[in-house]
Amino acid sequence: MLSTEEKNNIKDITGKYYMKPVLSRLDELIEEKGNKEALSYLHDTILDAKDDVMKIIEARKDAGDIKDVSQASKTVVGAIFSNSIVYLFLKAKEQGLVKPNVFITTKLGKFKDRVAIKVDGETQKPDMDLVLYGEDVDSNPRNMMIISLKTSLRERAGQTYKWKLLLEIATSDNPIRQKYNIDYPLGIPPLVCFATINFYDEINNPQHRGMFKFFDRSFIGKPIKADFIDNLSQLVDYANDNLA
């Protein structure tokens, strides 16, 4: 059973113009693979919907709703990845596969300050696209997982793991923390995770494989077997085990 907010979240996702070709494929994928396993097939699903999404973007350009097709398509791809994960996660929760007190959101406002690190009084906040969190019996957020989503591993993925290293420094007793006056003032640190759909086949680059080791867990929306990254379908069980 979904909460009113979660139902509104699904309604918001289904109402986005660029999601319609993707959602029809996701619903078919759920029927074929099941709610959790569908998460591991986002790469092929999003690619398969690409031409239909581009037709919609071109039509909006012709109608004067957007100016730059190229820029719009780049923005849309990232949004599709994020919205697809939320949609499938909530559909899994609707089926009872996610514990009732585990939640997912792209509305990050109330969480930004909870993950702030202080470096000599200045604030450092992570690159985060999704937050998953548990609630206690009084509906207060407790354990938290932040996820950085990337269709490509270039540049911004490195920003995320550098912040993870900063978090490790801030939450352990070490001379670097003392030297630079680094502090994480809010107690229990979040799990820091990374997810990609690997559009550019970058995960086999040794430098990128090494980067994954810095995260608490890394996921890929593509059914592969690897010892350095997990299939995205495992996100549901990982959230249940660590946040509830």
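This is a predicted model: local features need pLDDT of at least 70, side-chain atom pairs count only at pLDDT 80 or more; totals for chains, interfaces and linings use all residues.
## Exercise 1: The overall picture

**Task.** Find how many helices and strands the protein has, and decide how its radius of gyration relates to the globule rule.

**Solution.** 
Step 1. Begin with the elements: the protein contains 9 helices and 9 strands.
Step 2. Next, take the radius of gyration, which is 19 Å, close to the 18 Å that the globule rule gives for 244 residues. The protein is therefore as compact as a globular protein of that length.
Step 3. Finish with the inside of the fold. Of the 244 residues, 47% are buried. Among contacts between residues at least 6 apart in sequence, 63% join residues at least 24 apart.

## Exercise 2: Reading the sheet

**Task.** Work out the order of the strands in the open sheet and explain why one side of E1 and of E9 is left without a neighbour.

**Solution.** 
Step 1. Trace the 6 strands across the sheet: the order is E1-E4-E5-E7-E8-E9, and the pairing is mixed.
Step 2. Look at the edges. Strand E1 (102–105) and strand E9 (230–231) each have a single partner strand, so one side of each has no neighbour in the sheet.
Step 3. Now follow the pairing towards E9. E7 and E8 are parallel partners over 4 bridges, and Ser-218 in E8 is the bridge partner of Phe-194.
Step 4. Strand E8 (residues 217–220) also pairs with E9 in the parallel sense, over 2 bridges. Here Phe-219 stands opposite Asp-230, while Ile-220 has Asn-231 as its bridge partner.
Step 5. Finally, see which helices pack on the sheet. Helix H4 (residues 69–94) touches E1, strand E4 (130–135), strand E5 (141–150) and strand E7 (191–196). The direction of H4 makes about 155° with that of E1. Helix H9 (residues 235–243) touches E1, E4, E5, E7, E8 and E9, and its direction makes about 155° with that of E5.

## Exercise 3: The two sides of a helix

**Task.** Which residues of helix H1 (residues 4–14) are buried, and how are they placed around the axis?

**Solution.** 
Step 1. List the buried residues of H1: Glu-6, Asn-9, Ile-10 and Ile-13.
Step 2. Check their directions. They cover an arc of only 95° around the axis, so they sit on the same side of H1.
Step 3. Ask what lies over the buried residues: the cover includes H2, H4 and E1.

## Exercise 4: Salt bridges across the chain

**Solution.** 
Step 1. Keep the idea in mind: side chains of opposite charge can pair when their charged atoms come close. The structure has 14 salt bridges.
Step 2. In the pair of Arg-25 and Asp-48, the closest N and O atoms are 2.6 Å apart. Arg-25 is in helix H2 (residues 20–33) and Asp-48 in helix H3 (residues 42–62), so this pair links distant parts of the chain, 23 residues apart.
Step 3. Lys-125 and Asp-113 form another salt bridge, with closest N and O atoms 3.0 Å apart. Lys-125 lies in the loop between strand E3 (122–124) and E4, and Asp-113 in the loop between helix H5 (109–112) and strand E2 (117–119), so the pair ties together parts that are 12 residues apart in sequence.

Key. Residues are numbered from 1 along each chain as its sequence is written. Side-chain values use heavy atoms; hydrogens and water are left out. Two strands pair if DSSP finds at least two bridges between them. Contact means heavy atoms within 4.5 Å. Axes are lines fitted to C-alpha atoms, for helices over the stretch in contact, and angles run from 0 to 180 degrees between N-to-C directions. A salt bridge is a side-chain nitrogen of Lys or Arg within 4 Å of a carboxyl oxygen of Asp or Glu. Buried means under 20% relative accessible area, exposed over 50%, partly exposed in between (1.4 Å probe, protein chains only). The arc is that of the directions from the helix axis to the C-beta atoms. The radius of gyration is taken over C-alpha atoms; the globule rule is 2.2 Å times the number of residues to the power 0.38.
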